[in-house]
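Hello,

Here is the structure for you to open alongside this message. It is a predicted model.

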Amino acid sequence: MIEGATLWELVEARAAATPDALFAVDERDRRLTFGDYRDAALRVGAGLHERGIGAETAVSWMLPTTLEALVLAAALARLAAVQNPILPIYRERETRFITRQTGARLLCVPPPFRGFDYPALAQRLAREDDQLDVLIVDGALPEGDPSALPAPPLRLAADQPVRWILYSSGTTADPKGACHTDASLIASFVGLVRVLELAPDDRHAFVFPLTHVGGIGWLIASLVAGFAHVAVAIFEPKRVIPLLARHGVTQAGAGTVFHQAYLAAQREQPGVPLFPRVRAFPGGGAPKPPQLHYDVKRELGGVGIVSGYGLTECPIIAMNSVRDPDAKLAHTEGRANPPEAEIRVVRSDGGLAAAGEEGELCFRGPQLFRGYLDARLDAAAFDADGFFRTGDLGRLDADGYVTITGRTKDVIIRKGENISAKEVEDVLYTHPKVVDVAVIGLPDPALGERCCAVVACRDGELAFGDMVAFLTSAGLAKQKIPEQLEIVPEVPRNAAGKIQKQLLRDRFA
């Protein structure tokens with residue numbers, strides 16, 4: 001492993017250590033070595049500098065997992081810009097809020113992608129904000145002469161500046177911007193390298209969004225350990241799985257929905273290993289059925305699923321190790337990672353829970369974020385000792401392993417992404433037919449949870465297609481649109497007027 005206090009230091013150190021080793025290969029078989037990666041980042045950094053991007057400049061980028069996106073992240077790190085990766089599943093409503101709150105001066109988007117016109121979205125936002133410029137990344141990035149670049153950012157040992165603003169939908173209608181330093185992210189994903197025992201001969205299936213905190217983390221991990229990515233912009237199992245197999249993937253991430261796809265593909269060719277070199281199936285972001293670990297290990301090989309638990313605010317709070325026994329791999333999310341991190345379980349009465357007792361998980365450690373961009377949210381997020389209140393319920397066993405049992409927040413976790421029930425409810429309530437509405441999460445074997453809208457109507461029932469069209473026209477992100485609609489005479493409420501969502505979950509699950 002190599003060390004570095006900043007992302008750019010890691011880029012330079014890795015390029016110096018193994019310049020000719022493969023860094024990434026994409027679906028078109030384009031390749032970058034670590035030396036290529038550093039050199040491309042310097043050229044692109046110079047090109048962006050010519051466009052006025054420099055230290056502390058906020059840059060939003062909404063790109064799929066491509067070589068260009070990986071280069072952009074390093075180029076912005078070289079300039080010491082404040083990076084704001086945005087998930088491509090976000091739409092106008094969220095993106096407008098994010099670019100305005102961050103004060104972004106540049107928004108980088110792909111050409112039309114997966115049926116959505118990102119350039120049109122970006123141009124609409126730019127017309128509303130005179131300070132926002134747009135860069136359409138269509139197979140190329142602006143380049144310049146690296147000799148014209150200013151001096152690289154200085155190494156800061158203790159008090160690092162914020163270099164990342166990563167958004168989580170959380171439990172409020174507006175997304176929440178979590179402020180990270182390079183050091184907080186590096187601390188988390190050095191831990192990932194250790195528990196997975198990642199090495200230069202590993203090949204990582206980069207099927208996860210680079211713009212997610214986990215995607216940035218896998219970029220950091222590859223620089224630390226020197227392994228290569230197979231970068232995938234769109235996960236289409238029939239096309240992508242053979243690509244991963246051809247490149248000898250050893251780390252087949254990145255969560256339950258992907259592991260289920262690999263298992264289904266393996267069952268179509270019994271007796272012929274899908275990934276002959278696979279060592280582990282890293283996971284996280286969504287609940288995993290315990291049986292899935294055993295099925296994956298038995299049918300696909302390696303140690304099975306090695307999952308972890310974390311949030312945008314504190315990635316990889318806990319993670320299993322490739323050396324953990326099956327019972328832990330199947331039923332828990334591992335131990336505090338890194339070991340010096342602290343996890344508290346707090347009962348509803350405020351006392352500390354005993355081993356095996358359920359409570360809210362609270363966390364303090366080197367990967368904890370600096371706070372929210374909207375500092376008004378911080379008071380409720382931290383306790384008096386500086387522990388972050390995750391809002392998730394769980395327990396710690398006597399060995400320190402974490403099991404997630406539920407959550408205190410009213411969110412739906414669909415494919416690892418948080419959906420605010422209130423946000424969807426607020427939009428649906430504006431439909432002329434809707435009298436009352438409750439949005440709930442229901443168990444789903446493929447998604448983790450599916451989003452279900454329970455609606456009381458006036459003037460006839462609301463059709464499912466009409467609901468989808470209405471929410472789409474309102475600018476709601478695609479992943480937030482409910483997959484299920486249930487019409488009821490009235491939405492049940494208690495004497496205080498609070499919707500009784502558990503009754504609805506029990507009824508429609």
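**Helix packing**

The axes of helix α4 (residues 92-102) and helix α5 (residues 118-128) cross at roughly 45 degrees and come within 11 Å. That angle makes α4 oblique to α5, and the crossing of the two is right-handed. On the α4 side the contact is made by E92, T95, R96, T99 and R100. On the α5 side the residues are L121, R124, L125 and E128. By type, the residues of this contact of α4 with α5 divide into five charged, two polar and two nonpolar.

The other pair is helix α6 (residues 182-196) with helix α7 (residues 213-225). Their axes come within 8 Å and cross at roughly 65 degrees. Angles of 65 to 115 degrees count as roughly perpendicular, and α6 and α7 are therefore roughly perpendicular to each other. The crossing of α6 and α7 is right-handed. From α6 the contact takes L185, I186, F189, V190, L192, V193 and L196. From α7 it takes V213, G214, I216, G217, W218, I220, A221, V224 and A225. The residues of the contact of α6 with α7 divide into 14 nonpolar and two polar, with no charged.

In short, the α4 and α5 contact has five charged residues, whereas the α6 and α7 contact has no charged ones.

Regards

Key:
Residues numbered from 1 in each chain as written. Predicted model: local features only at pLDDT ≥ 70, side-chain atom pairs only at ≥ 80, totals over all residues. Heavy atoms only, no water. Axes fitted to C-alpha atoms, helices over the stretch in contact; angles between N-to-C directions. Helix = DSSP H or I, 4+ residues; strand = E, 2+ residues; numbered from the N terminus. Parallel < 35°, antiparallel > 145°, perpendicular 65-115°, else oblique. Left-handed = near helix turned anticlockwise from the far one by under 90°. Contact = heavy atoms within 4.5 Å. Nonpolar A, V, L, I, M, F, W, Y, C, P; charged D, E, K, R; others polar.
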